[in-house]
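Welcome! Please take a moment with the sequence and the 3D view, and then we will walk through them together.

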Amino acid sequence: MRRMATTGTFELLRTAGLAEIDPDVADLIERELERQRTHIELIASENFTWPSVLEAVGSVPTNKYAEGYPGARYYGGCEVVDEIETLAIERAKALFGAEHANVQPNAGSATNMAVYHACLEPGDPILAMRLDHGGHLTHGSKVNFSGRNYTVSGYGVDRETGLVDFDEVRRLAGEERPKLIVCGGSAYPRVIEADRFREIADEVGALLLCDMAHFAGLVAAGVHPSPVPHCDFVTSTAHKTLAGPRSGFILCREKHARAVDRAIFPGLQGGPLLHTIAAKATCFRIAASEPFRAYATQIRTNADALAESLVAGGLDLLTGGTDTHLVQLDLRRSDWTGKDAEDRLSEIGITANRNTVPYDERPPTVASGVRLGTPAVTMRGFDEDDCREVGEIIAAALADGADPPALRARAAALCERRPLYPGFRGFPAYES
């Protein structure tokens, strides 16, 4: 352990930067930056955010307590942060065409919890996609608050096509009479047809929530249909395809606004993270721009190129391809488990995560699939030719007679050709 600069004066603590005060943490951050730079990042729920967002996250609104909402705070001195939050709200509403937005949630899970609090009582029935078919923990998993606090029925996908089985959705909705239907997921590679879920919700008198955390950036750019016109509530994170800070936000119809706001505060959270809300405001501004639309369009193009290359290399994909940023390997016809494939890809410099596939006979810790996504590689400049190369590397890595050192060299060459955060140290330099 190094001797830390915290043995110095109070004035030093007040003015010094991270590297001077805590070189151990500074070194770890720089090591993480190096890991990100030297690996091909294919985790579908991760992205590299903009330098402007990193700057906002590391800014002085972190010092301000502001329980409540703009114009109705429980603390003084909120006149500036009121403007920050109002700006983020108005930009979110304009970006997605929403009647109301709450930008205070600290994470995606909190957005779904807040909606449940806003419109349900404990034990009420929910209908949502099963976790093992592509849903999310907060959509009713028994180990999650959603499955513990509510009566959740799960719909799945068709065994042959891998697509949402709307006949099953309609049947379960008629039998269970849910108060809330949830669409969207974390491992479903096709378009979420919110209009079809709306029809079923109306048939049984249910409210409709779409969790668009994974594809929000595609919606903002117009390359995925917007769920907002069809849903009572839409929840999202800001850090996946939207490329913003790690956090969440909620969109809803005006009639649900008060219930949603009260569910977040005072229901779930105290003082909001105003530095992160500032970063969300910046994220929403960027997402409304033409360069962002080009970026999101490239995410889609790259996902198709990656999928085509994987199939050409002899690998199976859920649904045979993708409509989004997400591609999922289906390894059931191979000798690979998801865990072993994840480890092999890590060995050659590709970061991905194992994931169950529908009707998987292996446990989630082992799984029979690998989830891949293109937001992060697209952010560092990969084009469709690069993504075809990535697909070829993956297919070769999972083939008989693979040569991991040679494949790692190919992956490293791609990273060198498309540098990440050139000249950046991993955290803002402190200037006195």
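Is R293 buried, partly exposed or exposed? R293 is partly exposed, with a relative accessible area of 28%; buried means under 20%, exposed over 50%, and partly exposed in between, using a 1.4 Å probe and protein chains only. Before we go on, note that this is a predicted model, where local features need pLDDT of at least 70, side-chain atom pairs count only at pLDDT 80 or more, and totals for chains, interfaces and linings use all residues. Residues are numbered from 1 along each chain as its sequence is written, and side-chain values use heavy atoms, with hydrogens and water left out.

R293 has a partner: it forms a salt bridge with E290, with the closest N and O atoms 2.9 Å apart. A salt bridge here is a side-chain nitrogen of Lys or Arg within 4 Å of a carboxyl oxygen of Asp or Glu. E290 is exposed, at 57% relative accessible area. Both residues sit in helix α13 (residues 290-312), and because they are 3 residues apart, about one helical turn separates them. Helices (H or I, at least four residues) and strands (E, at least two) are DSSP runs, numbered from the N terminus.

The whole structure holds 27 salt bridges. One of them joins the side chains of D323 and R190 at 2.9 Å, N to O. D323 lies in the loop between β11 and β12 and R190 in the loop between β7 and α9 (194-204), so this pair ties together parts that are 133 residues apart in sequence. D323 is partly exposed at 25%, whereas R190 is buried at 17%.

Now to the strands. Four of them form an open sheet in the order β11-β12-β15-β14, with antiparallel pairing; two strands pair if DSSP finds at least two bridges between them. At the edges are β11 (316-317) and β14 (353-355), each pairing on one side only. Elsewhere, β7 (residues 180-183) and β8 pair in the parallel sense over 4 bridges, and C183 has C210 in β8 as its bridge partner. Since 4 of the 5 residues of β8 (residues 207-211) are buried, this strand is largely enclosed by the rest of the structure.

Let us finish with helix α16 (residues 384-397). Its 14 residues should span 20 Å at 1.5 Å a residue, and its end C-alpha atoms are 20 Å apart, which agrees; the expected span is 1.5 Å times one less than the number of residues. Among the buried residues of α16 are C387, V390 and I394.
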